[in-house]
Amino acid sequence: MNQFLCPSGSRNSTRDSSVCINQKHMCDGHTDCANGEDEMRCPIVHPCGAHSRCEQLCITAYSGREECMCRPGYLLHGNGYNCTDIDECSITSNPVCSQECLNVAGSFRCSCQPGYVLRPDQRTCKAVGGSVKLLMANRADIRQVSLSNNQYTSIAKGLPNAIALDYHYRQDLLFWTDVSIDVIKRSHLNGSGVRDVIKWGLESPGGLAVDWIHDLLFWTDSGTRRVEVSTLDGEMRAVIAASDLDKPRAIAVHPGRALVFWTDWGTAPKIERAFMDGSDRQTIIAEAIFWPNGLTIDYTSSRIYWADAKHVIESANFDGRARRKILSNNLPHPFALALFEDSMYWTDWHTKTISTASKVNGRGFRVVHEGLHFPMGIQSYHPSRQPDFTNRCAADKSGRKGGCSHLCLPARTHRRCACPIGLTLRPDQKTCSTVPDKLLLIARKKDVRVRQLDAANPVDMVLPLDGIKSTVAVDWCSRTNVIYWTDVGKSMISRAFINGSQQEAIVKANLISPAGLALDWVTDKIYWTDPGTNRIEAATTDGRQRALLIWERLDKPRDIVVHPGEGYMFWSDWGSNPLIERAGMDGTGRFTLVSENLQWPNGLALDVDKQRLYFLDGGTKSLEYVNYDGTGRNRLITEGLKHPFGLDVYEKRVYWTDWDTHSIQVANMYNGHDRRTILANNTDLMDIRVFHRNRRDSRNPCAHKNGGCSYICLLNPTSYSCACPIGIQLKDNGKTCKSGPSNYLVFAHRTEVRQVSLDSDYQIDVVLPLPPISNVVTLDVDRRTGEIYWADTIEDVIMRSTPDGMRIKQIYSESMTSVDGLVIDSIGRKLYWTDAGRKVLEVSDLEDGIRSALVWKDLEQPRGIALDYESGYLFWSDWGANPRIERADMDGENRVDLITEGLGWPNGLAVDRSAKRIYWADAQMKTIESCTLSGGARTKVVENLPHPYALAVTGRTIYWTDWITKALHSVPKGNPAHIRNVTHGLEGLMDVKVVQEDEERHLENVCGAGNGGCSHLCLRNPTGYSCKCPTGLTMREGSTTDCKTLPDGDI
């Protein structure tokens, strides 16, 4: 109606010949049809007669008939006489104005919104503020693209996988998502000041939008299936939508309307909208939509535009009505979309370009930028893109945004206050509680989450914890509002406040797979199981004091729970002989509770009222309970469990996680009824705990002066006991620990030094708390002071430290290239070492550092070194082209070859002082051999070893490290077939030394208190001692004790 169809068959025109034009354009003096049919057979206007009924114009039609006609801007009424004003502003298919339109009699007037001015054509609007730029994510970088040429400027480079981006014009901030590292980052628009905004709880953040009025950041995550919001610094965060989402992608916000829109390209593709607080959520587009990728808002016309990868760009009102197809060609795979003035811009994955066309009708298509790596998100960068609106979260007199104590979210009419993780909104609807009340703590592999326990519409929130790799267990303390968790991926136990602040690792040494975790809230201890080490240990909650509780007959210990009031701990073991066991919290009184009909006993929980232990079994797929004494076993739930794992009980309810159903369920803990799912479609669920404030306190016998214990005080069913660090024994008083082990091994493991006590009935290695080490190759212990000396071949230094790492000193750093072996003369107070790089054997005084080269001729690759003070001999191995083992006096004199045949790569060297024999390891010959101190009676002790390196010897046992087995081995001297592992799974094992309590106690320093009368070095030899000068100095003429003070030739 009111349309004229231009005839088909037009020639010499690129325009579609079958086109309709409005009736108002006929016979207006302008050709609109391709061949001018609209200006043919036009009527002739003439003055109206006195009796004419025409309201405006009189005409003679082409047929010769007299008719009425209207002036431009009017339409002839159906009665044929009167004229009706045309409302040009109501034309939507091809609007006459690009922004504001005012209809006037017979015409219209266009105007522009703030930030724009009317162009000379009086119809279109131009943005004020300079030319526009495009910001584009190109996966590996973010670019600022010029529209005037094919040039660009990189804002951020070397990015893993940047996808979505947006900006805050007034604050000069750029934000982007990276789906490879699952982080939202920000920087200034010049690329400086890059920092993480959100780095927790993200799995695939694909969409991003900035609210520049309320300073909020919105994003979609197709991994977590959520739409979330945070402050621009990421400090406060809330969930907008978390249900009925499949693959949310693009997102756009309208701060003036407080609206947020997002696309979802899952199995039921749609476009949704909600207010910025998540309220009034509704689907606005659900039909004829397939892969909705790009989404943007035209703030001037209050419409949304979206790009569908199924080759179309469309537009609609905010309610989804008045939907229009804008462009359906030249769109192989559009991804992101942006608008500016009357144009739209989009990225295309297939063509790897940025293209543009009219936002009104799709005309004027052209490529703006081509040859891109992988074009992703795009935004038009211009001040008019972020117009001013009313701030619904304006600060009140106290500076609170919207009067909210924490997070202010714009809503339909005003705003809604939201609270951080774990806190609840108080009745004033403005202030958040200061501490959490009841929460579910949920451990997932990649994060730890909290969820309000009794909220009407609970949403789990991710705690902002850094660096989580593979969480298994979690526990909590309501008194301090601290949570604890284990990470088997990082072999670490950590803690933080329940809001994620003040995160710290508390136990990170001597762990492999910390699986179960329990808090003793009475004495402030943590307990854990480790199936990697097959140990159960306890420590103070800061991790500084630690004790080994159970180490025998453990196969794969899993979960652990404690009952401080009774002094019991319980643990599950799903090894080859599955068990559930109980012991005192000090490891005493071990007792098996359940040993039959178990396969994979997992989570444990205690009902302290009825003194029952609840447990899950992932193999039998059951939830059971048993009394503390092992009686009264009963199956509570046996149906519908696939692979139950984490477990807890609280207020007559039992909660559990299930690996296979990806859910958390709850049921009545007494009869299993009222079962329901409270969290679904959540993968990698591990442990679960209920945080509350009703844990029962009990008498704490460790409270007063730590129970009199010098180290750690542990509860048991009768009272308590004292314990010591691993490998250290209690004194006879049962309260005080010895200062350290009396007999022990120390060995080098590249970046750390480890110790194994030989005092206890177990041999477990612990990492000594020494300063950072780059590459420790060789080491020894000063038997008098207990200090450890080591050589670092990357730093080229020799260091020393007390075993507790408190007193550290660099001994030497000059003239060192590759110190492969060192040995301490604890009696004579000397340090000897070999330097394979400089091909020298040196000695120094432990007290004053005087240093002298003893052997430097005919050395190729000196490595192992050992000494026997009683005989006054020094021994070393050389694995050069002519491998050999040599001996000299400890003053470097009387050098002789001991072994020169049948050697390949002689590495470690040790002296058996009681038997007066030397032992060496040969990696090429794969043997450990022995001979007398003079080289006689050579014997193969152990053969067919993969790659022995260093060794140490006691009266009964030989210890050695092996590069291929990655282990520290031992074998009795009299039974070479009985090889066992002291520790294993350690790549890069190097030197090993043994320290024994009675070692060399009967020997005295032959140099005496007066240094043997020597001015500098007094060195032991087989007949007594001799004096030596520092390198570069010689003895005074006629003297055997006094060195010159200057080198020969100096003045």
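Visitor: Which residues have the most contacts inside the largest nonpolar core?

Guide: A nonpolar core is a set of buried Ala, Val, Leu, Ile, Met, Phe, Trp, Tyr and Cys residues joined through side-chain atoms within 4.5 Å. Buried means under 20% relative accessible area, exposed over 50%, partly exposed in between (1.4 Å probe, protein chains only). Here the largest core has 31 residues. Those with the most contacts inside it are Leu135, Ile142, Leu165, Leu174, Trp176, Ile354 and Ile378. This is a predicted model: local features need pLDDT of at least 70, side-chain atom pairs count only at pLDDT 80 or more, and totals for chains, interfaces and linings use all residues. Residues are numbered from 1 along each chain as its sequence is written, and side-chain values use heavy atoms, with hydrogens and water left out.

Visitor: Which elements give two or more residues to this core?

Guide: Helices (H or I, at least four residues) and strands (E, at least two) are DSSP runs, numbered from the N terminus. Among the contributors are β11 (125-127), β12 (133-137), β15 (162-168) and β35 (378-381). The core draws at least three residues from each of domain 1 (97-128) and domain 2 (129-385). A second, separate core has 30 residues, including Val756, Val776, Ile788 and Val992.

Visitor: What does Leu135 touch?

Guide: Contact means heavy atoms within 4.5 Å. Residues up to four places away in sequence are not counted, and the partners of Leu135 include Ile155, Leu165, Leu174, Ile378 and Tyr381.

Visitor: Which domains does the assignment give?

Guide: Domain bounds come from an automatic or database domain assignment. For this chain they are domain 1 (97-128), domain 2 (129-385), domain 3 (438-692), domain 4 (743-996) and domain 5 (1011-1045). Taken over C-alpha atoms, the centres of domain 2 and domain 4 are separated by 64 Å.

Visitor: What does UniProt list for residues 110-125?

Guide: UniProt positions are given in the numbering used here, feature names are shortened, and annotations may be inferred rather than shown by experiment. The unreviewed UniProt entry lists "domain: EGF-like" for residues 110-125. Over residues 110-125 the model is 0% helix and 38% strand. The end C-alpha atoms of that stretch are 9 Å apart.

Visitor: How do I read a sheet? What is the strand order in the open sheet of 4 strands?

Guide: Strands of a sheet pair through backbone hydrogen bonds, either parallel or antiparallel. Two strands pair if DSSP finds at least two bridges between them. The order here is β53-β54-β55-β56, with antiparallel pairing. The edge strands, β53 (601-607) and β56 (634-637), each pair on one side only. From one strand to the next the twist averages 30 degrees. Axes are lines fitted to C-alpha atoms, for helices over the stretch in contact, and angles run from 0 to 180 degrees between N-to-C directions. β53 is joined to β54 (residues 612-617) by 5 bridges. Pro601 stands opposite Asp617 in β54.

Visitor: Is strand β88 buried or exposed?

Guide: In a regular strand the side chains alternate between the two faces of the sheet. Strand β88 (residues 1017-1021) is largely enclosed by the rest of the structure, because 5 of its 5 residues are buried. Leu1017, Leu1019 and Asn1021 lie on one side, with Cys1018 and Arg1020 on the other. A hairpin through 2 residues joins β88 to β89. The two strands run antiparallel, with 5 bridges between them. Leu1019 has Ser1026 as its bridge partner in β89.

Visitor: Where does Gly892 take a positive phi?

Guide: Look at the hairpin of β77 and β78, which has 6 residues between the strands. Gly892 has a phi near 90 degrees there. The strands, residues 884-889 and 896-899, are antiparallel and joined by 3 bridges. Arg887 faces Val896 across the pair.

Visitor: Which loop holds Ala258?

Guide: Ala258 sits between β23 (248-254) and β24 (259-264). Its phi is positive, about 60 degrees, although Ala258 is not a glycine. Ala258 counts as buried because its relative accessible area is 0%.

Visitor: Is Asp782 buried or exposed?

Guide: Asp782 is in the loop between β67 (776-781) and β68 (788-792). Its relative accessibility is 0%, so Asp782 counts as buried. Asp782 and Leu831 are 49 residues apart in sequence, but 9.3 Å apart in space, C-alpha to C-alpha.
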